[in-house]
Amino acid sequence: MDIQSTAAIVTGGASGLGAATARALAARNVEVFAIDLEQSLADAQPVEGITYLAADVTDPAIVRQAVQRAAADLPLRVVINCAGILPMARVLGRNGPHDPSLFAKVLEVNLMGSFNVLAIAAGEIQKTQPDAQGQRGIIINTASIAAYEGQIGQVAYATSKAGIVGMTLPAARDLATHGIRVNAIAPGVVETPMMATVTPEIREGLAAGVPFPQRLARPEEFAQLALSIIDHDYINGEVIRMDGALRMQPR
């Protein structure tokens, strides 16, 4: 699909996977709208070709405003959901059972937030003129290998990412008649700002667990995969692991 001179939305676009993906799209002559929380955008490094919009993906009304802004001048063709949170808590911890409100919050941000953007953006994408192959756009969500091998303390996170996996195929089928593809990427351990908070020993241990290449993934590699999926018109309804053949252990 040709995406030059079109618009794209990237959620979680202030840092990490989202920032790398926004930059990669802007380099392809795409008008990129990076959506993130206001406090996160305050720390973002401005990039030419990227417009930064403050929005909470859990609020459908705010998401609708952001999507309409992104689709105002150019056809909206690409949506990539990278926004997410990763709090850790066991089902039974030192302070008792898992906090239900924390569990609900993780699902609200990671799963419902992705769905809100997917559904509302699809409503704008379907208004655009299709290309010669009937394509109007593509939506890529971010799952995780935790959807398959969630570790101790990741019950909420793994559940939210498993929801992304389960949403991919039916969403692709729902949107097929509108010429919109839906896929997901399931990253392994990636070098994001969150990883900067852990000790070098922990980082080395995580890298050592990856069969090959024996290192953490780079955000730019996530962006590269996203662009490859965009370019490959026959990839639809798929969840693609990006993990160096890593299979997570319980802890």
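A crossing of two helices is left-handed if the near helix is turned anticlockwise from the far one by less than a right angle, and right-handed if clockwise. The model described here is predicted, so local features need pLDDT of at least 70 and side-chain atom pairs count only at pLDDT 80 or more, while totals for chains, interfaces and linings use all residues. Residues are numbered from 1 along each chain as its sequence is written, and side-chain values use heavy atoms, with hydrogens and water left out.

**The sheet**

Helices (H or I, at least four residues) and strands (E, at least two) are DSSP runs, numbered from the N terminus. Seven strands form an open sheet in the order β3-β2-β1-β4-β7-β8-β9, and the pairing is parallel. Two strands pair if DSSP finds at least two bridges between them. β3 (50-54) and β9 each have a single partner strand, so they stand at the edges and one side of each lacks a neighbour in the sheet. On average, neighbouring strands are turned by 20° against each other, direction ignored. β1 (residues 7-11) and β4 (residues 76-81) are joined in the parallel sense by five bridges; Val10 has Ile80 of β4 as its bridge partner. Helix α4 packs on this sheet, touching β1, β4, β7 (137-142) and β8 (180-187). The direction of α4 makes about 175° with that of β4. Contact means heavy atoms within 4.5 Å.

**The helix pair**

α4 also packs with helix α6 (residues 155-175), at an angle of about 20° and with the axes 8 Å apart. Because angles under 35 degrees count as roughly parallel, α4 is roughly parallel to α6. Axes are lines fitted to C-alpha atoms, for helices over the stretch in contact, and angles run from 0 to 180 degrees between N-to-C directions. The crossing of this pair is right-handed. Among the residues in the contact are Phe103 and Leu107 of α4 and Val155 and Ile164 of α6.

**Two residues**

Buried means under 20% relative accessible area, exposed over 50%, and partly exposed in between (1.4 Å probe, protein chains only).

| Residue | Relative accessibility | Class |
|---|---|---|
| His98 | 14% | buried |
| Gln249 | 51% | exposed |

His98 lies in the loop between β6 (96-97) and α4 (100-125). Leaving aside residues up to four places away in sequence, His98 touches Ala89, Arg90, Val91, Phe103, Val155 and Ala156. Gln249 is in the segment after β9 (239-242). Gln249 and Thr21 are 228 residues apart in sequence and, C-alpha to C-alpha, 28 Å apart in space.

Key
Parallel < 35°, antiparallel > 145°, perpendicular 65-115°, else oblique.
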